[in-house]
Amino acid sequence: MRVLQLLQQGDYRNAAAKARSALNTFPESLELRFYLSAAESKLGRIEAAVENLTTAAAATKDDAWLLKIGKALQNLDAYAPAKTVLGKADQNRPAIALALAQLRWQQGDYGPACRQFAAAHRRWPGDGPIWLAYISALLQLGLDGDAARQLQRASSAFPRIAEFRHLMALQQISRGENAAAQAAAREALALEPGNAQYQNVLAGLNRLLNAPSPFPPSAQDARSAAKWQGFQWLNRRPAKIRWFGYSPDLLKYAVAQIPEAAGPVVECGVYHGRSINLLAELTRRPIWGFDSFEGLPEDWNPAERAGSYSTGRQLPAVAEHVHLVPGWFEETLPAFAERLEQKIVLLHNDCDLYSSAPTALEQLV
């Protein structure tokens with residue numbers, strides 16, 4: 001189809017025009033409506049994209065299409081329409097149950113979403129994608145022991161799914177078990193030889209263990225190459241570097257290093273509050289969280305545009321010793337730094353964009 005070709009070529013304006021024209025002849029075509037939505041979203045016309053997807057959903061009862069449309073709406077952060085569309089599908093299908101749990105997770109309802117993954121896994125214990133999502137949720141919530149037990153079982157049950165080996169390697173890195181992590185990373189890459197992320201992890205472990213690394217950065221995508229360059233730079237520092245596979249493991253370690261002296265913990269980049277609530281579980285010190293809650297101030301990459309990660313200015317539920325400060329960093333951090341009476345004991349700088357990170361560092365360090 002010509003519309004699909006235009007989309008694949010990145011000619012979104014012509015793809016949208018062709019799709020609209022074709023819909024005049026084939027008004028009930030779900031495929032054309034879906035392609036038009038994709039083109040509209042790439043052009044930044046999110047409301048039009050959502051409208052086309054909801055129109056398509058209203059015209060079908062097919063579970064496969066409802067799942068596809070629901071996920072597309074979820075990717076546009078149109079959570080309420082996505083839930084409605086997925087609610088029309090057969091709730092006894094594992095793919096639908098998984099999509100609904102993932103939708104809840106993306107909305108920042110982490111604990112209930114994890115329990116939803118667990119319930120789906122109990123119902124469909126042989127479903128690999130559900131098990132994978134459940135384990136990933138456990139790891140991201142810092143529930144290491146539960147995740148380790150599930151990973152051992154899943155790796156035996158699904159020896160051909162590389163992602164289980166990859167997750168195991170990352171967990172072993174956090175534990176300092178680099179040789180075991182290297183073996184798991186090799187197994188993951190053997191199952192998916194072209195995976196740039198797996199290449200990075202194995203190359204890093206090879207470097208740490210003084211083994212040859214056959215993966216030059218030139219063979220990787222731009223983001224993976226940048227990560228590899230950052231790893232190399234850090235690895236050349238004279239101080240011994242401690243590596244972690246997951247951010248919750250890093251935060252646990254960091255909190256354990258906090259000195260006895262009084263002082264607050266600060267997080268820049270709160271989003272739905274997953275990491276700041278973990279910090280609140282780990283320490284009773286006052287914690288300050290800064291975020292615009294309006295999403296990224298500028299484009300990060302083609303898939304994550306300005307406004308991505310917005311909560312619509314809705315602040316997450318946090319513990320009583322956590323204080324949230326909404327607003328852009330350049331507006332909120334200077335006043336906070338000026339009235340700060342004690343030295344910050346831990347700064348978690350998790351603001352995605354490079355342009356935002358120096359603002360936080362310049363004001364607070």
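Is Asp63 buried or exposed?

1. Asp63 is buried, at a relative accessible area of 17%. The cut-off for buried is under 20%, so 17% qualifies. Note that this is a predicted model.

2. Asp63 has a charged partner. Its side chain meets that of Arg93 in a salt bridge, 3.7 Å from N to O. Arg93 is partly exposed, with a relative accessible area of 33%.

3. Arg165 and Glu187 form another salt bridge, with the closest N and O atoms 2.7 Å apart. Arg165 lies in helix H11 (residues 162-174) and Glu187 in helix H12 (residues 178-191), so the pair ties together parts 22 residues apart in sequence. Arg165 counts as buried at 13% relative accessibility. Glu187 is partly exposed, at 40%.

4. Glu320 pairs with Arg284 in a salt bridge; the closest N and O atoms are 3.7 Å apart. Glu320 is in the loop between E2 and E3, and Arg284 in the loop between H16 and E2, so this pair ties together parts 36 residues apart in sequence. Both Glu320 and Arg284 are exposed.

5. Salt bridges with shared partners join Arg20, Glu40 and Arg45 into one network. The structure holds 9 salt bridges.

6. Helix H16 (residues 274-282) has Ser275, Ile276, Leu278, Leu279 and Ala280 buried.

Key
Residues numbered from 1 in each chain as written. Predicted model: local features only at pLDDT ≥ 70, side-chain atom pairs only at ≥ 80, totals over all residues. Heavy atoms only, no water. Buried < 20%, exposed > 50% of the residue type's maximum accessible area, 1.4 Å probe, protein only. Helix = DSSP H or I, 4+ residues; strand = E, 2+ residues; numbered from the N terminus. Salt bridge = Lys/Arg side-chain N within 4 Å of Asp/Glu carboxyl O.
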